[in-house]
Amino acid sequence: MSGTNIVASVVKSDADNEDVVQSALNFVRSHLGMEVAYLSEFVDDKLVFRAVDAPGFEEMAAPGISIPLNQVYCNYILSGDLPEVIPDTHDIPLAKSVPITEAVGVRSHVSVPIMRSNGTPYGMFCCLSREPKPDLNPRDLGVMRAFAKISAEQVNEKLSKRTRLEMLREELERVISQERYAVMLQPIMDIRTREPVGFEALTRFRSEPYRPPNLWFDEAADVGMQVDLELAVIKSALRSVSELPEPIYVSLNASPATVASGLLTETLRHQPLDRIVLEVTEHAEIDDPQAVLDQLTKLRSNGLRLAVDDAGAGYSGLQQIVQLKPDIIKLDISLTSGIERDVVRSCLAEALVGFAEQTNAKIVAEGIETEGELDALRRLGVPLGQGYLLGRPADLETSQAWFSPPPRKHA
């Protein structure tokens, strides 16, 4: 079987394997009958093992272990002073003189450079044995090169991802430090009077090319900055609370991770919590519900109200209602859209209104865009609504214009 066919066979059989590099190392080590296979990275003046296949010889190499480059063969192979295939190190004076030969007892060695996308060396794809291998030949080197190429593709994909994440982290740090975002306020209205009772604080980012807010927060989570970004936005949104007349409230969005961190509780410590609603935003199961509940209990005991969204959109929204027992339940736009023409939507909304009444919660219908939807929700007993029909997100000054004369008191 040719080297190319061997590669195709192994890659196909391991197509579902999460770690292609590990599979490649295992195959070439077994194929060559050697004891250790590894992929290394050059870091400063050291060789660092990144992936290793060495059953029974773990003391020789393990991921994370580093060795000074002047004690191994790599630089000599890259310079052409040592060949990529060494059937017996004792036959080559230079190989025999390299410290690793005596320290580990290396007698045979096959090594192929792994190159970065820019053409610079990343590290080496190697096999070694404590026994000489006089039958090592160019065909074996061909197999090594084929698997090294596969490993290089994996390495460069990871390097590219790492670079992208580093750039994203730097961009997010600039966004936070320079406040390159705006807080917009969308009114939450009394459906009967069409007067605002509160505003949801929404974020719009000033960056090119444009990316929607949810993507910014998703990317922040990818680089471990979700809590940092959410807290920065929340601190900006809190400035509007004192600029709006009582009893108007501001609804803030926070993920369970931010709530569980305890940092949100500290941020809200000296705020008028009776005028703040916290909307827990999550479209999946909460990782640590007890930590979230503990922090919410502290905040709610001091007057903060809790809202959950996505009610009617699926299991996750209903699960949050059960877990968190919110003060406000927000009907998802998928439920309110076209509700006047859909019996199923209407019945589900009516059931949630009844549930809210039994649990002393308020219903807010999101995404109201037509008079027909508004009329249908009013008939069903939905007290509060939000959507483009009632008011688009706007800056603080525009939002303040709703209040002349001052708003009436609402229950």
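Predicted model: local features only at pLDDT ≥ 70, side-chain atom pairs only at ≥ 80, totals over all residues.

Mentor: Residues are numbered from 1 along each chain as its sequence is written, and side-chain values use heavy atoms, with hydrogens and water left out.

Trainee: How many helices and strands does the protein have?
Mentor: Helices (H or I, at least four residues) and strands (E, at least two) are DSSP runs, numbered from the N terminus. Going by that, the protein comes to 16 helices and 14 strands.

Trainee: What is the radius of gyration of the protein?
Mentor: We take it over C-alpha atoms, and the globule rule is 2.2 Å times the number of residues to the power 0.38. The C-alpha atoms fill a box of roughly 95 × 45 × 40 Å along the principal axes. A compact globule of 411 residues would come out near 22 Å, but the protein has 31 Å.

Trainee: What percentage of the residues is buried?
Mentor: Buried means under 20% relative accessible area, exposed means over 50%, and partly exposed is in between (1.4 Å probe, protein chains only). Of the 411 residues in the protein, the buried share is 47%.

Trainee: Among contacts between residues at least 6 apart in sequence, what share joins residues at least 24 apart?
Mentor: A contact here means heavy atoms within 4.5 Å. For the protein, that share is 63%.

Trainee: How many aromatic pairs are there?
Mentor: Rings of Phe, Tyr and Trp (its six-membered ring) pair if their centres lie within 6.5 Å; planes under 30 degrees apart count as stacked, over 60 as edge-to-face and the rest as tilted. By this rule the count is six.

Trainee: Take Phe205 and Phe217: which kind of aromatic pair do they form?
Mentor: A ring pair is described by the distance of the centres and the angle of the planes. Phe205 lies in strand S8 (residues 195–205) and Phe217 in helix H7 (residues 213–222), 12 residues apart. Phe205 is buried, at 8% relative accessibility. With 5.7 Å centre to centre and 70° between the planes, the pair is edge-to-face.

Trainee: Which residue has its charged end over the ring of Trp216?
Mentor: Trp216 belongs to one aromatic cluster with Tyr181, Phe205 and Phe217. A charge sits over a ring if NZ of Lys or CZ of Arg is within 6 Å of the ring centre and within 35 degrees of the ring normal. At 4.0 Å from the centre of the Trp216 ring, the residue is Arg211.

Trainee: Which residues does Thr203 touch, leaving out those up to four places away in sequence?
Mentor: Thr203 is in strand S8, and at 7% relative accessibility it counts as buried. Its contacts are Tyr181, Ala182, Pro213, Phe217 and Val233.

Trainee: Which side chain makes a polar contact with the side chain of Glu41?
Mentor: Glu41 is found in strand S1 (residues 36–43) and is buried, with a relative accessible area of 7%. It touches several residues beyond four places away in sequence, including Lys46, Arg50, Arg116 and Arg162. A polar contact is a pair of N or O atoms within 3.5 Å; within protein, one must be able to donate a hydrogen and the other to accept it, and residues adjacent in sequence count only if both atoms are side-chain atoms. At 3.3 Å, the partner is Tyr122.

Trainee: Which peptide bond is cis, with omega near 5°?
Mentor: Most peptide bonds are trans. Look in the loop between helix H8 (226–238) and strand S9 (249–254), where Pro247 sits. The cis bond runs from Glu246 to Pro247.

Trainee: Is Lys325, with its positive phi, buried or exposed?
Mentor: Most residues other than glycine have a negative phi. Lys325 has a positive phi of about 50° and sits in the loop between helix H12 (315–324) and strand S12 (328–331). Its relative accessibility is 61%, so Lys325 counts as exposed.

Trainee: And what is phi near for Arg194?
Mentor: Arg194 is in the loop between strand S7 (181–190) and S8, and counts as partly exposed at 33% relative accessibility. Its phi is positive, near 60°.
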